[in-house]
Amino acid sequence: MSASTAGIELKSGSQRLSAAVELLSSMRFAISLLTVICIASVVGTVLKQHEPLNNYVNQFGPFWSEVFGALSLYSVYSAWWFLLILAFLVVSTSLCILRNTPKILTDLKLYKENIREQSLKAFPHKAEARLNENTEAAAQRMGQVLLASGWKVRLQRRDTPQGPGWMVAAKAGAANKLGYIAAHVAIVLVCIGGLLDGDLVVRAQMWFNGKTPFTGGGLIADVPAEHRLSARNPTFRGNLLVTEGTRAGTAILAQPQGVILQDLPFDVELKKFVVEYYSTGMPKLFASDIVIHDRDTGETQEARVEVNHPVSHRGIQIYQSSFDDGGSLLKLRGLPMGGASAAAFEVQGRVGESTALTNGDERLLLEFTGLRVINVENFTDTLQSGADVRKVDLRQAIEGRLGSAHKTMTEKELRNVGPSVSYKLRDAAGQAREYHNYMLPIDLDGARVFVLGVRETPAEPLRYLRVPADENDSMDGYVRLRTALANADWRREAVRRYADQAAQGQRSEVVQALAVSAQRAIELFAGTDPDVGRQPNDSTRPLGGLQAVSAFMEMNVPEAERERAAEVLLRILNGTLFELYQMSRERAGLARADRSEQNAAFMTQAVLSLSDGFFYPAPMAFMLTDFEQVQASVFQVARAPGKNIVYLGCLLLIIGVFAMLYVRERRLWVWLAPQGDGARASMALSSNRKLMDNDREFDTLKTRLLQNSSEVTP
């Protein structure tokens, strides 16, 4: 009984193994794996890979960003499940090849000359004829005709009661089945090459050699050995950043939890970085003149690396990936954007560094993030014609009030507006906004303005505040006016001057009434009128500017009279602000401004900028005054032993697909039976695909092979 039970269990286990192999080697399983790989590839293409985690949190929110991170969607092609699917695809396709290749090779050797005469009548392409020659002569003739046409032929003699009969068996298009093998082998080779050139080897060293990602900071030379891979590592792909005039020999391999350092057997020295631009401002060419210093031999090799023109050294390819700032020296001028202080100050630092600042009791960290020497922007006639661009983007992102320098473009007018600087201001809580300010004033709407950009998160587009340039193409005139507006004594003096001038020769009661109106208007505009309160989205900031004037009118003036009253109040406000501007020039030792068209345009833009300035989310702005550019080149260094395997796989895939699509496997049989002084021929053709070409080919063969016939029956 026990022996019988054991036998039953052994058979059951064998059946389960056979079923598992059957499933793994089935086409439906392979197609399912390919479908998942295609979906994963789409995700990896649409979703930016290896971005900072904060970018994904800003884009998807805390919950979904954590879910996507758990699924490794931010590094799809190195995710464990993606590599596992590739491995299963290799196993599945390999089993399919092992199962079917012996059958295919055996079938290629067979001519199937033992087919019965009755079986020939079952084929869709068949014909019969009576030949005026004996069976052997007909068989020899047909064999020669078929050989000359590229067919492989085998003749078989059969004895029949009527005499010797001959079977002519021929085949062509065997490459069709070889294409099947080639295509499947290609899939295996491509997957193996992808696994070799992917993160599989690096992950294996992390699993079995104790290598761990590095998450700290500091100098590369100080990183411990457990975070480094040997220069003998058989496969890797990483980035190498080299600043002009320096050399580096350690690549960075990004990992989901940090980075792994890859030591190279050589150092790369960047002598010069060259970049050329199209008229659109996009890079046309960037190349690096480098010197390779071999660590083992001490030899040096000069080379030039360009996009799509890599340099190879000791089996490692050096590609030109991109370029970056190498630590340019920036000199900035800090301009206060809030309060009554007008003290500008100078600050400098290098891109990638930071410096601490204080604004009263508030502590800030200024981070220098970027320098762009060339900025080619789009301008249109619409943008120049005076259309209101203040009502778009910045209204949504900065409580709806900062003027935007960007519009939807319909016709391109490209213009280089000069250098710009990017920086971040980080508060004590660690929150930061990004700023992007242009160094030079730009002509917009007939006025020269400085453009100051800001965004809350990297996922948002930049929005801009326009600040008018004075007669010296500087922001000093605007800063003086803003400082004067924040001073209560100056506001009162400006009101007195305006009232005396505007109501000159009038009764004192008229002058007094005008002064009261002017004082109310400028207090509203300065954000010091308690009746209008605070900004609706930020209770810590006063409601000032034109929005405060509008709020006052809505609360105190009937709707029927509101338009006329607003016009009068704005005229009074503009006159008072002009007197305030004159006072700021006097205190700076400058001559009074005349009422020219240029000064009128300056004041118009200044009023808008002062109004928008209440919503500028920083106590100060930094303008670029000078810089020393230092460029860096980003190389991708790769040792890819699977590259040639992938190339071979691609070649086999092309051959296999073409063979399966364009080569038809055909088999032809002609049975020659003796009949009187001649022979009776029964002919049939089979093909693996039903095409009109089969009809034409069969008609041609019938004509050539049965040419000595007295009658032909289809």
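Analyst: We can go through strands, cores and salt bridges in turn.

User: What should I know before we start?

Analyst: This is a predicted model, where local features need pLDDT of at least 70, side-chain atom pairs count only at pLDDT 80 or more, and totals for chains, interfaces and linings use all residues. Residues are numbered from 1 along each chain as its sequence is written, and side-chain values use heavy atoms, with hydrogens and water left out.

User: OK, strands. In what sense do S8 and S9 pair?

Analyst: Antiparallel, over seven bridges: S8 covers residues 283–294 and S9 residues 300–306. Pairing takes at least two DSSP bridges between the strands. Strands are DSSP E runs of at least two residues, helices H or I runs of at least four, numbered from the N terminus.

User: Which residue does Ala287 stand opposite?

Analyst: Glu306 in S9.

User: And how many residues lie between S8 and S9 in the hairpin?

Analyst: Five. Gly298 in that turn has a positive phi, about 80°.

User: Is His313 buried or exposed?

Analyst: Buried, at 15% relative accessibility. Buried means under 20% relative accessible area, exposed over 50%, partly exposed in between (1.4 Å probe, protein chains only). His313 lies in strand S10, residues 311–313.

User: What does His313 touch?

Analyst: Leaving aside neighbours within four places in sequence, His313 contacts Phe266, Ile292, Asp294 and Gln301. Contact means heavy atoms within 4.5 Å.

User: Switching topic. How many residues are in the largest nonpolar core?

Analyst: It has 68 residues; Leu425, Leu577, Leu580, Tyr616 and Phe622 have the most contacts inside it. Helix H13 (residues 508–526) gives the most to this core, nine residues. A nonpolar core is a set of buried Ala, Val, Leu, Ile, Met, Phe, Trp, Tyr and Cys residues joined through side-chain atoms within 4.5 Å.

User: What about another core?

Analyst: One of 25 residues lies apart from it, with Met206, Val311, Phe635 and Val637 among its members.

User: How many salt bridges does the structure hold?

Analyst: There are 37. The criterion is a side-chain nitrogen of Lys or Arg within 4 Å of a carboxyl oxygen of Asp or Glu. Arg99 forms one with Glu22, the closest N and O atoms being 3.2 Å apart.

User: Why does that pair matter for linking parts of the chain?

Analyst: Arg99 lies in helix H4 (residues 80–109) and Glu22 in helix H1 (residues 2–24), so the pair ties together parts 77 residues apart in sequence.

User: What about Arg696 and Asp693?

Analyst: Their side chains meet in a salt bridge at 2.1 Å, N to O. They are about one helical turn apart because three residues separate them in helix H18 (residues 692–705).
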